[in-house]
Amino acid sequence: MSRKYFGTDGIRGRANSVITPELAMKVGMAAGLAFQRGEHRHRVVIGKDTRLSGYMIENALVAGFTAVGVDVMLLGPMPTPAVAMLTNSLRCDIGVMISASHNPYDDNGIKLFGPDGFKLSDETERSIEALIDTNLSSRLAGSRDLGRARRIDDVRARYIEFAKRTLPRQLRLDGLRVVVDCANGAAYKVAPEALWELGADVIPIGVEPDGYNINKDVGSTAPDALARKVRELRADIGIALDGDADRVVIVDEKGHVIDGDQLMAVVASDWKDEGKLTQPGIVATVMSNLGLERYLGGLGLQLERTAVGDRYVLERMRAQGYNVGGEQSGHIILSDFATTGDGLVAALQVLAVLKKADRPVSEVCHRFDPLPQILKNVRTGGGKVLDDPKVAKAIEGARKQLGDSGRLVIRPSGTEPVIRVMAEGDDRVSVETAVDEVIEAITKAA
């Protein structure tokens, strides 16, 4: 059953076009009603990133939640994983993050967390959608039962202490020169403070949000500025977060970008040696490089693959008992510590390995040579082009061409009329040919 509002990561779209005050208020009312259980006073925490539209959406959500009798605690700009953690820590019934993650400033979104700090199931999201499209006037709270709203002041310190406690006791970052790029987003205060308190020499960039510059030429999706700064200052490491700080990429001392696949390899290898892995392997998506799978296999570890989206990674982790998972893009989920991807916590785990190894980042974080991997998108204008016999024949031919030493992934986008074609293998020419042949067939069918 398709969903009307929720995508793979909450509700997302152009601010004041898709994400309107009216929709945000209805989401607040619907979510508030969906999570009312028992006679206690119900509470919600609301965090946001630094987009200008966050003010508008925040106030609309407050109106919706208080209208159905839910008390609201406003956190201000805070990372998505901090909101998830505080939802559970503050014994709230629901948590909300206002963010469109790595998208430009003119998009925004609403992410919801249950009382356990985990993202909602498809079933719960569908029940909220049904309420959004229902006339809720008869279910509004009475005049004496309206919710109250207040700002919470100490949440930044709470999250910083939480992040620091994920490191081994007594471990310090003294002697490390760290450039941290906060993407002018939600972690612009907490990430530099946490690293500084741990002893690092911190050079922050992307920490001057103005409502418009979130993710603009900075952050994990645009790491060139970080790479330049690392080389300029001869720093030991660069850390790039995205707008809501649930993903991270690393830059080594030479200015080379290290993606989520390499970071998962670093953590998995270290945790295996330390006996911390709860299962002999990790969970990643179909987009993770085959080189990662081969590297883990050499360690006696398995790579469990899921559909694209950190929620699917987490679902598999919970179902099968894994405690390390993530995406090539830098969503790293370490379920010993967090209920969602946490860029700062993942970076701290890498820094812990770095301190223990006492070797440069370029050596510690290069665990395997990625196989040639090519991803191309083709617009289709809608329709079921993948059912076309000629497309099916091209896909079958591409798979035969790649053989057992390669992979082909065909993935329709969940948000636009685009089909993504990814192939990887030992021979780059074969990979390029396979992708181009499939793209050509899809284009003709479209």
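This is a predicted model: local features need pLDDT of at least 70, side-chain atom pairs count only at pLDDT 80 or more; totals for chains, interfaces and linings use all residues.
Trainee: How many residues sit between β9 and β10 in their hairpin?
Mentor: Six, and A245 in that turn has a positive phi of about 65°. Strands here are DSSP runs of E with at least two residues, helices are runs of H or I with at least four, and both are numbered from the N terminus.

Trainee: How many bridges join β9 to β10?
Mentor: Four, with β9 (residues 237-241) running antiparallel to β10. DSSP has to find at least two bridges between two strands for them to pair. G238 stands opposite V251 in β10.

Trainee: And which strand pairs with β10 over two bridges?
Mentor: That's β11 (residues 257-258), again in the antiparallel sense. I250 faces I258 there, standing opposite it. These two strands also form a hairpin, with five residues between them, and G255 in the turn has a positive phi of about 90°.

Trainee: Are the β10 side chains V248 to V251 buried or exposed?
Mentor: All are buried (under 20% relative accessible area, with a 1.4 Å probe and protein chains only; exposed is over 50%, partly exposed in between). V248 and I250 point one way, V249 and V251 the other.

Trainee: Switching topic: where is E39?
Mentor: In the loop between α1 (21-34) and β2 (43-48).

Trainee: Why does E39 count as exposed?
Mentor: Because its relative accessibility is 82%.

Methods. Residues are numbered from 1 along each chain as its sequence is written. Side-chain values use heavy atoms; hydrogens and water are left out.
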